[in-house]
Amino acid sequence: MKQPDQTNPHLAVAGPPGPGGPGPGLPLPGGPGSPGPGLTDPRLGIPSLPHPRVAPARPAHAAPAIPGTTISGIATPSRVIPGLPISGPPGSAQADTPQSGTATTGPAKSAPAQPFQLPAFYLPHPARLNPHLEHARTHTKAWARSMGMVEGSGIWEEHDLDSHDYALLCAYTHPDASAEELALVTDWYVWVFFFDDHFLEIFKRSQDREGGKAYLDRLPAFMPLDLGAEVPAPTNPVEAGLADLWARTVPSMSADWRARFAESTEHLLNESLWELSNINAGRTPNPVEYIEMRRKVGGAPWSAGLIEHAVGAEVPAVIAASRPLRVLKDTFSDGVHLRNDLFSYQRETEEEGERSNGVLVLETFLGCTTQEAADAVNELLTSRLHQFENTVVTELAPLFAEHGLAPQDCARVLAYVKGLQDWQSGGHEWHMRSSRYMNGGGSGTAPTGWSPYGAGSLGTSALDLTRLGAMVGPGRARSFTHVPHRPVGPSLLPDFRMPFGLRLSPHLETSRRNTVDWCRRTGLLQPQPGIPGSHVWDEKRAADIDLPLCAAGIHPDATLAELDLTSAWLAWGTYGDDYYPVVYGRRRDLLGAKACNARLSLFMPLDGTATPAPANALERGLADLWTRTAGPMAPDARQKFRTSVEDMTESWLWELANQAQNRIPDPVDYLEMRRKTFGSDLTMSLCRLAHGRQVPAEIYRSGPLRSLENAAADYACLINDVFSYQKEIEYEGEVHNGVLVVQNFFDCDYPTALAIVDDLMNSRMRQFQHVVAHELPVLYDDFKLTKEARAVLDGYVRELQDWMAGILNWHFGCFRYQEAALSHQGLPELSGVSFTGPTGLGTAAARIAALVGQPG
């Protein structure tokens, strides 16, 4: 059956190639920021849609009905976010420009007014002060002087070091360290802050990127993993300090810890170039980009590694890279950085011309006042700390059991967790007292008067019970009290910004037939033997989802065999995404899902060993796909591809766990895991692996390439969230949807959340284009890539553009998200997927509503 038109009006469609190259594309309707015909709702500060724009229903076996008209303009650059305190008129900043009311770069003034009032911070753990503070102060001053960091450095004088009081920082953040350990840790922090100020004075102020890169390129030589290796002679205080500290720190730690700590230190140093590039470009990053890069340049992951040394509790190598430990480090890092952004906003924006500050990032992105942005940053800080706590309580014990950790290893991990908590509390106390930061006035200051509900002494501000409820915030309760299956109506669609033309494979029609045949052969279209409720797909559903349409857009130049393979991978992943919540989610059978994942890994052998006999369609389909895909791969490529598949299946367990808790995810955790649940890396890796060895592996691990891929992935994932809002919220009772996550975080309504998600999508698209235009050329030069390698990477950029355009076109062209298809699913297993009712033996009678409607 022929489906003649598979395009949508948001994509410029490339014509057939000819002597003059591709034909002209269709112009994009509207444009970024163009006003739409919607009426402005004064409660929201954004235009509302008079009619929801949805993909209209199409008759069975007909071509997808692609909307032919545009309703644009669901958002304006300035809006009021419900739930955020309003301390003045909203700002009127446009994207990527400073907000009105934002302090501008200029010389420091005496006692300048604070640009905002510090918020009430979430401080669940009281700070404690190390008794060896004075010893650390005396030692570190002598050490800094011996390294040349004080007199004569041109960066610090003695009064600078005294007023910053890094020994106090370390005494608060490492309250249980011995005198010797506290002195070592303090030296490390003196070194890292000196590096920050040194790099600012020498390279940031002069915007000397070339000199900054040469300076940074020398530093890894002072961190040899082989303790017997020689290091070069230091030429400045930063090199001298690093050489001394490395020699004093690493001998007592394992090779695994040395590698991890060296990597985090290199990230801390090298990503300073990213900040320098943003200053050069006068560019404020978007929120997702900022969080990701701040972890590298901000230093908190480095601090987490140093905590292992300070508490004498090295994280076992077998779990160091696991999701729970990664989340603990990331949430710790985000908490440290966001807190620092609140205290350092004035210094960084007024004195340093800094654009990489979380308050400025949200001020620009949300188009709000500085105070509103500061309050939003504090809400995000609180959310990240809640995520930290949830991970400790719900994920560590299963992780220990899964890996069979010995009791002493479990105790080491918990000591490390306690060290991270101590750092958060102590870091806050130090920020409140250091002359380096803005800490006067505001509700964030320590209480000065006596209170019957608070201890009232140094380091005990977190004990004031009158403030505890406010500090915890309503966000935590909202996250667990979502009511599933709320009627929301047809999904509203924004005016998607897609600057890249759509191309479709000429093999689409044949691949459609072949893919349904493959689904039938592997058993995806039948109930699974012995597994109740497993009939999640039938032939009509497989045809309606139309995954070959997606494959034809993301791989338009594929041969028929390659297109069939891509279509089958998409079908297998989408089937699994439907199967897990129905088969395991309804029963809250997380152990069953984990066992299923363990079995799936057996069908992806790295060395060609025999696999067990498949027991169900998921295993049978994966066995076939793995043989066809991984067989020709080199061993290292095979390992990477297997990891991308396992990351996706592991993310399904994360979704089941949140669903069992009825917990809407933290926004940062959601976006990072969404890339995995969507299978972004799996499909992207098929492109990367096709490049062979023409591009060095470290290029794909570089900041610009990861930024490029993440921006593309987020754009595509949010497309899916926008289209699937009604399907997931109303029909499936899901908590994993980006629009819902934004609604919960900002405590706002659907149209407002959709406007924010649309802005985020557009900012991620702009970032993608920024990386291509400005960061990739620098990367090519930095690595001195050959002409052939540059051509491969330029081709990869075009593949990612096809990937985004193809995914958007598929969402418009398939039945999966249309209300008509949702209300007539046909398969009983997909009707009212719910996690809220009783399940299991003897509970059928409790499901009265379902039984009443059943025929006798």
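Modeller: A residue is called buried when its relative accessible area is under 20%, exposed when it is over 50%, and partly exposed in between, with a 1.4 Å probe and protein chains only. The model is predicted, so local features need pLDDT of at least 70 and side-chain atom pairs count only at pLDDT 80 or more, while totals for chains, interfaces and linings use all residues. Residues are numbered from 1 along each chain as its sequence is written, and side-chain values use heavy atoms, with hydrogens and water left out.

A pair of aromatic rings is described by the distance of the centres and the angle of the planes. Rings of Phe, Tyr and Trp (its six-membered ring) pair if their centres lie within 6.5 Å; planes under 30 degrees apart count as stacked, over 60 as edge-to-face and the rest as tilted. By this rule there are 41 aromatic pairs. In one of them, the ring centres of Trp 188 and Trp 302 are 5.7 Å apart and the planes meet at 65°, so this pair is edge-to-face. Because Trp 188 belongs to helix α4 (residues 179–204) and Trp 302 to helix α10 (residues 300–311), the pair ties together parts that are 114 residues apart in sequence. Helices (H or I, at least four residues) are DSSP runs, numbered from the N terminus. Trp 188 is buried, with a relative accessible area of 0%, and Trp 302 also counts as buried, at 1%.

The helix that carries Trp 188 is itself mostly covered, since 21 of the 26 residues of α4 are buried. From its first C-alpha to its last, α4 reaches 36 Å, close to the 38 Å expected at 1.5 Å a residue; the expected span is 1.5 Å times one less than the number of residues.

Both α4 and α10 are included in what covers the buried residues of α6, together with α1 (133–146), α5 (209–218) and α7 (255–270). Contact here means heavy atoms within 4.5 Å. In α6, 10 of the 13 residues are buried, among them Glu 239, Leu 242 and Trp 246. The end C-alpha atoms of α6 (residues 237–249) are 18 Å apart, which agrees with the 18 Å that its 13 residues should span. At the start of α6, a side-chain oxygen of Asn 236 comes to within 3.0 Å of the backbone nitrogen of Val 238.

Key. Helices (H or I, at least four residues) and strands (E, at least two) are DSSP runs, numbered from the N terminus. A polar contact is a pair of N or O atoms within 3.5 Å; within protein, one must be able to donate a hydrogen and the other to accept it, and residues adjacent in sequence count only if both atoms are side-chain atoms.
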